[in-house]
Amino acid sequence: MPYRVLMELAIFLSPWAVFGIYRILVRDAEMEGRKAWPITALFGIGLVLAVGLWVYFIMREDRDRNMCREPSRFDPVTRELIEGREYPCDADIETIGEPRSRNPGDNADGVADAEADVEPAPPSQ
């Protein structure tokens, strides 16, 4: 956890550090009569760093591809926070959303039955 926080802090502060170095180098170049760095070079460096760190974090993620995650949610009835959980993926992920049959009234795969999940509406006041 501390490693991740430090890494995100470094990623957040790195543009300001690069800009500070750029300003120092430009000021020195202008004093010596040289041409300043082009902004496109800095943009390219930033783009390469951003994509590189994105790929790095994807490769470091320690998640099993066969596990699905249910996010945390708030239950308004009991007023409790229900923590997220990981569970084995039962359904074939590639078929989620495809119709089970050609009948337009059927549910798609991965979608619960309408009659089973509908809770009765609370009485209006």
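In this presentation a residue is called buried when its relative accessible area is under 20%, exposed when that area is over 50%, and partly exposed in between, using a 1.4 Å probe and protein chains only. By that rule, Arg79 counts as exposed because its relative accessibility is 66%.

Before I go on, a word about the model. It is a predicted model, in which local features need pLDDT of at least 70 and side-chain atom pairs count only at pLDDT 80 or more, while totals for chains, interfaces and linings use all residues. Residues are numbered from 1 along each chain as its sequence is written, and side-chain values use heavy atoms, with hydrogens and water left out.

Let me begin with the overall layout. The protein has three helices and four strands, and along the sequence they follow the pattern α-α-β-β-β-β-α. Helices (H or I, at least four residues) and strands (E, at least two) are DSSP runs, numbered from the N terminus. Of the 125 residues in the protein, 6% are buried. Contact here means heavy atoms within 4.5 Å. Among contacts with a separation of 6 or more, 14% join residues 24 or more positions apart.

I turn now to helix 1. This helix covers residues 2-32, which is 31 residues. From its first C-alpha to its last it reaches 44 Å, close to the 45 Å expected at 1.5 Å a residue; the expected span is 1.5 Å times one less than the number of residues. Where does helix 1 bend? The bend is at Leu13 and amounts to about 40 degrees, and a proline, Pro15, follows within four residues. The bend at a residue is the angle between axes fitted to the seven residues ending there and the seven starting there. Met7, Tyr22, Val26 and Ala29 are buried in helix 1, and the buried residues of this helix pack against helix 2, residues 39-60. After helix 1 comes Gly33, with a positive phi near 85 degrees.

The next topic is the largest pocket. A pocket is an open set of points on a 1 Å grid over the protein atoms alone, where a 1.4 Å probe fits, with protein on both sides within 12 Å along at least five of seven lines; lining residues have an atom within 4 Å of a point. The largest pocket holds about 370 Å³ of space, a volume being the space filled by probe spheres set on the points, which are joined across faces, edges and corners. Its lining has 13 residues, and those nearest its centre are Ser14, Pro15, Val18, Gly46 and Leu49. Helix 1 and helix 2 are the elements that give two or more residues to this lining. Helix 2 gives the most, with seven residues. By type, the lining divides into eleven nonpolar, two polar and no charged residues. Here Ala, Val, Leu, Ile, Met, Phe, Trp, Tyr, Cys and Pro count as nonpolar, Asp, Glu, Lys and Arg as charged, and the others, Gly among them, as polar.

Ser14 lies in helix 1 and, at 33% relative accessibility, counts as partly exposed. Ser14 and Leu49 are 35 residues apart in sequence, and their C-alpha atoms are 9.9 Å apart in space.

Finally, I come to the strands. Leaving aside neighbours within four places in sequence, Cys68 is in contact with Arg85, Glu86, Tyr87 and Cys89. The C-alpha atoms of Cys68 and Tyr87 are separated by 5.5 Å, although the two are 19 residues apart along the chain.

Arg79 sits in the loop between strand 2 (73-75) and strand 3. Its phi is positive, about 55 degrees, although Arg79 is not a glycine. Glu80 lies in strand 3, residues 80-82, and is partly exposed, with a relative accessible area of 49%. Not counting residues up to four places away in sequence, Glu80 touches Arg73, Phe74 and Asp75.
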